[in-house]
Amino acid sequence: LQRAPCRYADLHPLWQSELSVSGGTRQSPINIQWRDSVYDPHLKPLKIHYDPTTCLYIWNNGYSFQVEFDDSADKSVIMGGPLENHYRLKQFHFHWGAINEWGSEHMVDSKVYPAELHLVHWNPVTSTSFEEAIMENNGLVVIGVFLKLGAHHAGLQKLVDALPAVKHKDTIVEFDVFDPSCLMPSCPDYWTYDGSLTTPPLTESVTWIIKKTPIEVDQNQLEEFRMLLFTSAGEEEKRMVDNFRPLQPLMNRTVRSSFR
Ligand SMILES: COc1ccc2c(ccc[n+]2C(=O)c2ccc(S(N)(=O)=O)cc2)c1
Ligand SMILES: [Zn+2]
């Protein structure tokens with residue numbers, strides 16, 4: 001199913017500036033062709049250790065809602081998989097569509113999901129801060145998890161219940177204890193490839209780890225995402241939907257899989 005015609009003029013200002021990054025050779029998102037991915041037996045299982053007390057707050061940054069974590073120590077970290085060392089969790093956010101027929105950034109054999117979760121981590125060994133890591137070659141690791149329409153997701157509901165408090169751009173609400181591991185599918189299988197941020201500054205600093213198995217969320221939960229606004233209080237309301245970047249060319253890249 002092709003995506004809705006994506007007229008750049010309709011795009012949120014954030015994306016209007018980027019029709020393509022001049023000279024980009026490893027841009028994201030991409031369509032993962034399962035049969036072209038290469039099984040790599042050297043890929044280790046991904047190890048995730050998130051400390052729920054490092055969760056700080058939720059905020060609406062004008063292109064998604066984002067949950068920020070205290071990344072001042074190695075408390076919420078990932079390691080293993082394709083990674084040389086551990087990476088610290090900085091934030092997670094989502095991308096979604098106006099309707100269930102589209103919304104994810106990555107696709108699998110051209111299959112698009114209604115939403116996609118991104119857990120953003122940075123390399124504290126090669127960088128002293130997230131902001132610095134954004135500019136480093138492999139400064140960031142983003143874990144992508146597809147959301148599909150299905151059963152109610154109890155763990156996600158705690159997030160959904162807080163969304164009305166961050167309806168408008170630049171609003172924030174405290175979010176004390178939350179373990180994002182509850183948003184990970186139990187299946188360990190993933191694809192991995194070298195890519196970029198999918199919003200400006202679009203820097204080519206991301207090792208992507210895309211989980212093969214989606215998590216299930218129900219219709220009401222997706223509709224709560226769609227109640228958020230791109231706009232600040234007092235501005236003419238623009239619903240926060242279709243905050244995904246169009247597919248980017250694979251160019252000279254191979255997608256590796258952790259599974260046969
Ligand atoms: C230097 O100025 C910056 C730096 C980073 C910014 C940003 C604006 C939005 C998101 N970020 C991000 O950190 C960011 C952007 C995209 C993604 S994504 N969708 O996971 O590729 C993750 C994180 C501006
Ligand atoms: Zn994202």
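These legends walk through several close-up views of a predicted model. Residues are numbered from 1 along each chain as its sequence is written, while chains are lettered from A and ligands numbered from 1 in the order in which they are written. Because this is a predicted model, local features need pLDDT of at least 70 and side-chain atom pairs count only at pLDDT 80 or more, whereas totals for chains, interfaces and linings use all residues; side-chain values use heavy atoms, with hydrogens and water left out.

**View 1. Three histidines hold the zinc ion (ligand 2).** Donors here are N, O and S atoms within 2.8 Å of the metal (3.2 Å for Na, K and Ca); water is not among the atoms, so sites may look incomplete. The angles among the four donor atoms run from 98 to 116 degrees, making the site tetrahedral. For reference, the ideal angle for four tetrahedral donors is 109.5 degrees. Along the sequence, the donor residues follow the spacing H-x1-H-x22-H. His 93 counts as buried because its relative accessibility is 6%, and His 95 is buried at 0%. Buried means under 20% relative accessible area, exposed over 50%, and partly exposed in between (1.4 Å probe, protein chains only).

**View 2. Strand β9 is a mostly covered strand.** β9 spans residues 115-122, and eight of its eight residues are buried. Ala 115, Leu 117, Leu 119 and His 121 point one way, while Glu 116, His 118, Val 120 and Trp 122 point the other. Strands (E, at least two residues) and helices (H or I, at least four) are DSSP runs, numbered from the N terminus. β9 runs antiparallel to β7 (residues 87-96), joined by eight bridges, with Gln 91 partnering Val 120 of β9. β9 also pairs with β10 (residues 140-149) in the antiparallel sense over eight bridges, and here Trp 122 stands opposite Leu 140. Two strands pair if DSSP finds at least two bridges between them.

**View 3. Phe 92, Phe 94 and Leu 159 sit in the largest nonpolar core.** In this core of 42 residues, these three touch the most other members. A nonpolar core is a set of buried Ala, Val, Leu, Ile, Met, Phe, Trp, Tyr and Cys residues joined through side-chain atoms within 4.5 Å. The largest share, five residues, comes from β7. Leaving aside neighbours within four places in sequence, Leu 159 is in contact (heavy atoms within 4.5 Å) with residues including Ile 58, Phe 92, Phe 94 and Phe 175.

View 4. A disulfide is a pair of cysteine sulfur atoms within 2.5 Å, and the count comes to zero. Cys 187 is in no disulfide either, its nearest cysteine sulfur, in Cys 182, being 17 Å away.

**View 5. A cis peptide bond joins Ser 28 and Pro 29.** Omega is about 5 degrees there, and Pro 29 lies in the loop between α1 (13-16) and β1 (31-32). The bond from Pro 200 to Pro 201 is also cis, with omega near 15 degrees.

Methods: Tetrahedral: all angles 85-135°; square planar, octahedral: opposite > 155°, others 65-115°.
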